[in-house]
Amino acid sequence: MQAIRQTPGTVFLAPHVLSPYVSEIFHRASCSKTEANCIASRLVGANLRGHDSHGVIRVPRYVDALQKGLVFADQTVDVITENDVMAVLDAKFGFGQSMGEQAVDVGIKKAAANGVAIIALRNSGHLGRIGDWAERAADGGLISIHMVNVKNSLLVAPFGGRDRRMSTSPFCAGIPMPPGTPVILDFATSAAAEGKALVALSGGKALPADALIAADGSLSNDPLHLYGPQSTGAIANPNLGPGALRTFGDHKGSGLNFLMEILAGALTGTGANGPLVDPDKRNVGNGMLSIYMSPAVFGSTDTFASEVRNYIDFVKSSRPAEPDGEVLVPGEVELKTMAERSRTGLPLSDKAWANIKSTGDQVGATALQ
Ligand code: NAD
């Protein structure tokens, strides 16, 4: 193994070492080389930006879903309906990394031609870090808003409740800032993304103290409330715990989460969540409703860009709350993390790395032997 360095319980791997290994795993597991590279670069990209929850820790779960026939390699989206400014696309449970790219590219094409576009993507495999899609749209010069639900993944209790009725439903928006990097707001509407609970369960960063609600209604950050007791070697399953994640921001986050289920679930045709069927037989997938806007059709692109730049400067000029603190705008922390991790490597807990290696061994991946 070519680790940059190791500290007790953590290994640090360079992106250029990890990415080909992850790609080989997906290729050996039946994805084309193109799709395997796409999945690997997006997972490693999430780690690079500090979202370990949506990075390579997902490899065992993705391969398991592929082998169980719950997600499918090398799909192309079906166009269910479309006109000049909208489309409904069915991903048929293809890998979200490919399905997301295809859906965003339809949105970019329509918005480039007509100024705006709304794209409903249904039945996608896990779309990973939603910021990827806002970044892709921003690269095409477009503002974008993405609302996402996670069908068949009941992990979150509504505000005022303790039973699971919601998914982690991320919200994301991107603002292009040519020639610089775009502003990207991207977060789960749960107090923490499920993957962050998975990271905590694997010995990584702990969750906020009140991120979970236990079956008895008490607040906690113990991921076992989500996953239940763990048996050695089993892939952690968030459906088995007696408790739930909470939404962020009390009733406001719960309301936004509710809206996501309606727009990304009910409206796209993915479906809003309801009582779960047999966990081994259900496809966990994302619905995503995306809105694309060209700043040019609202007026001057240059005026918009300078307004945004001025506002960023104004926001950042607020005196820090802590003496050594800094006011950041959306997307900034990810850029800082990416700069640092490009030098120092991607941290993986020993447990997370062992699980990835075990999946690699199972499919016969050799790149790191
Ligand atoms: P998070 O709590 O880390 O919040 C991230 C957002 O907050 C970013 O926009 C970031 O720039 C901003 N931010 C962070 N620190 C900041 C600071 N100090 N000042 C100002 N802004 C700051 O994110 P999360 O809720 O843990 O979500 C992590 C990832 O999980 C996201 O990429 C999301 O898309 C993804 N997710 C995906 C799914 C799915 O089903 N595909 C489900 C849930 C979450």
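Visitor: How far is the polar side-chain atom of Asn286 from an oxygen atom of the ligand?
Guide: In this predicted model, a polar side-chain atom of Asn286 sits 3.0 Å from a ligand oxygen.

Visitor: And which backbone atoms lie by a ligand oxygen?
Guide: A backbone N or O atom of Gly331 is 2.7 Å from an oxygen atom of the ligand. For Ala188, a polar backbone atom is 2.8 Å from a ligand oxygen.

Visitor: How much of the ligand does the protein bury?
Guide: The protein buries 78% of the 870 Å² that the ligand exposes when taken alone.

Visitor: Nice. How many residues surround the ligand?
Guide: There are 22, and the closest are Asp186, Ala188, Lys196, Gly331 and Glu334. By class, that shell has eleven nonpolar, seven polar and four charged residues.

Visitor: Which element gives the largest share of that shell?
Guide: Strand 9, with five residues. Domain 1 (4-70 + 332-363) and domain 2 (78-182 + 247-298) each supply at least three residues to the shell.

Visitor: Switching topic: what volume does the second largest pocket have?
Guide: About 380 Å³. Its lining has 22 residues, with Pro60, Ala234, Ile235, Ala236 and Asn355 nearest the centre.

Visitor: Which elements give two or more residues to that lining?
Guide: Helix 3 (59-67), helix 6 (194-201) and helix 11 (350-363) do. Helix 11 provides the largest share, six residues.

Key: Residues numbered from 1 in each chain as written. Predicted model: local features only at pLDDT ≥ 70, side-chain atom pairs only at ≥ 80, totals over all residues. Heavy atoms only, no water. Near = heavy atom within 4 Å. Polar contact = N/O pair within 3.5 Å; in protein donor to acceptor, adjacent residues only side chain to side chain. Areas by Shrake-Rupley, 256 points an atom, 1.4 Å probe, with all protein chains shown as cover. Helix = DSSP H or I, 4+ residues; strand = E, 2+ residues; numbered from the N terminus. Nonpolar A, V, L, I, M, F, W, Y, C, P; charged D, E, K, R; others polar. Domains from an automatic or database assignment. 1 Å grid on protein atoms, 1.4 Å probe; cavity = no way out; pocket = protein on both sides within 12 Å on 5 of 7 lines; lining within 4 Å. Points joined across faces, edges and corners; volume = space filled by probe spheres on them.
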